[in-house]
Amino acid sequence: MTFTSFKFLLFLPLIAAIYQIVPVRCRVLFLLVVSYGYACAWSVRGAAMMAVATIFAFIAGKFAGDSDSQQRAYAVFLSAIAVLTLYLVFFKITAVLPMGRFGRLAAPLGLSYYTFKLMSYVLDVYWGKIQPAPSFTQFAAAIAFFPQIAAGPIQRPADFLTQVPPARTALWMGLSRLVWGLAKKILIADNLAPAVNYVFAHVKGLHGTPLLAGFYLFPLQMYADFSALTDVALGMGLLFGIQGPENFNRPFTACSISDFWRRWHMSLTNWLVDYVFTPLRMATRSAGTAGLAVSITLNMLAVGLWHGFTWGYFVFGALNATYLVGDVLTARSRSGFYKAHPKLDRLGSWMGWLLTVHLFFVAMVFFRAHTVSDAIYLLSHFSSGLGTLRLDLPHFADVVGSSSLLLGLGGYAVLELLERCRPDQWWHRTEPVVPQWLRWSVRFVIALFVMGGLFFVTVRAGGHESPFLYQVF
Amino acid sequence: MPAMDQTQALLALTDVFRNVFDDPGLELRDGMTAADVENWDSLNHIDLIVAIERKFKIKFTTREVTGLKTVGDLAELTARKVSAVP
């Protein structure tokens, strides 16, 4: 039951409506039951495994936070992290390597997300940043919270626990964020998808223009799709009074690769910075620059392999590690140069933006291509056949659907414009001075317009469910 | 090194911050966080920690470093560590 499916669009309003009449003290229990119901709708086995992992981490947290016995706390903390890592790695491996007569084992729903939540809990308790969770119901609800279970964002249990029991919900904000996410997914990402799918399915049969189109379109599709999924998850969270962490901050405006990684999939990168990079950097700090390079490399490989144990994700991580090391090691000299030549600062920012976007797009080819060989072919055949652009382009547009492609690209341009202008913030500022009847009338008209548009597009798609790209992790 | 309190540590840390973040005019306050200091990110956070360790001849643990939220926390921890040195 994906977030864009008809079943889910019936399930959500029903659950949100019931939630309004559930007494505040029972809301966490209600969320827990609904979240496990949702997980069971995907797979009862997967839900059961999540329950076992949750019980395990909850008990481990009790002992890891025991200040009376430091030795036992350390042993429990170390064992718990090892077990959770093995649990994650096992399913990452079995997803790509057949296991005898069982074939490939499908990973439980949201494995990568809830395992990271559980690990951060054990680590935070051991480090003394938080106290062990007082209630198992609250803890289990934080781990299984259904808006985030399929694809994040990775909200650390401590952040969730400070917001429960949720006394107030933010219906309008939640709904508008949810609808904005669905619009991005259906109008932009899904319209760019046919072109991207076509290129990456036929890489070695193509040359020139279509390959270039795939190179530029996939990151745009990925951003529209993944940020839409975050909007939907955060919007749903607000319907239940839970504010989740943001995942994106206009990543394609970054002027350096380190700035980019502060803006892309932020809940994952922040997690890895706190629990992988910082401990590694502390351990290697006496090694100076080499220690920094090793820490960055291992951290970025973890970013890549978190998505799955394939060579494509490995190269994606390795490339980003190389970019980041280069960026960090030259940061001081670049800063000194631009201070000495202030007139070149603006030009430097533009060049930095252009370079950052293209470097990341190159890495994304490895992320998306079926094999590393496909990715290398795509990157090395841009120029072959560019002379036939006039012939290639109409053919490509015919194959992937020119109206869909134009709608997707136009929608993406509007997305960037809206994220720059932020009309929602303008609306938020003016709201207190606008009479309540007018506020709700405007909200109603906007909601009606958007829902009508989405309904039209969904019906046009013939009830076809289009899963979000990040739901597979 | 003689014992110091949090206010003295904050003053002494100012020089370290100015060097690490290449900002000669930087003034520290207890409530400051990484968001208030330009270029203070996860990448050079440990450079700052190493610079403090060298200046005061102390050692921080990962557990201590990950628990820091504000400049005041860092000053308090530094003062405590320096005062504990025999």
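Hi everyone, let's start with one serine: a polar side-chain atom of Ser295(A) sits 2.7 Å from the backbone oxygen of Gly291(A). That is a polar contact, meaning N or O atoms within 3.5 Å; within protein, one must be able to donate a hydrogen and the other to accept it, and residues adjacent in sequence count only if both atoms are side-chain atoms.

A quick word on the source: this is a predicted model, where local features need pLDDT of at least 70, side-chain atom pairs count only at pLDDT 80 or more, and totals for chains, interfaces and linings use all residues. Residues are numbered from 1 along each chain as its sequence is written, chains are lettered from A and ligands numbered from 1 in the order in which they are written, and side-chain values use heavy atoms, with hydrogens and water left out.

Back to our serine. Ser295(A) belongs to helix H13 of chain A, residues 288–306; helices here are DSSP runs of H or I, at least four residues, numbered from the N terminus. Is Ser295(A) buried or exposed? Buried, because its relative accessible area is 0%. Buried means under 20%, exposed over 50%, and partly exposed in between, with a 1.4 Å probe and protein chains only.

Now to chain B. Helix H2(B) covers residues 42–56, and its 15 residues should span 21 Å at 1.5 Å a residue; the end C-alpha atoms are 22 Å apart, which agrees. The expected span is 1.5 Å times one less than the number of residues. After the helix comes Lys57(B), with a positive phi near 55 degrees.

On to aromatics: over all chains, the search finds 53 pairs. Rings of Phe, Tyr and Trp (its six-membered ring) pair if their centres lie within 6.5 Å; planes under 30 degrees apart are stacked, over 60 edge-to-face, and the rest tilted. Tyr38(A) and Trp42(A) are edge-to-face, because their planes are at 70 degrees, with centres 6.5 Å apart. Both lie in helix H2 of chain A, four residues apart, about one turn. Tyr38(A) is buried at 1% relative accessibility, while Trp42(A) is partly exposed at 34%.

Finally, a charge over a ring, which needs NZ of Lys or CZ of Arg within 6 Å of the ring centre and within 35 degrees of the ring normal. Arg63(B) lies over the face of Tyr126(A), 4.4 Å from the ring centre.

Technical notes. Helix = DSSP H or I, 4+ residues; strand = E, 2+ residues; numbered from the N terminus.
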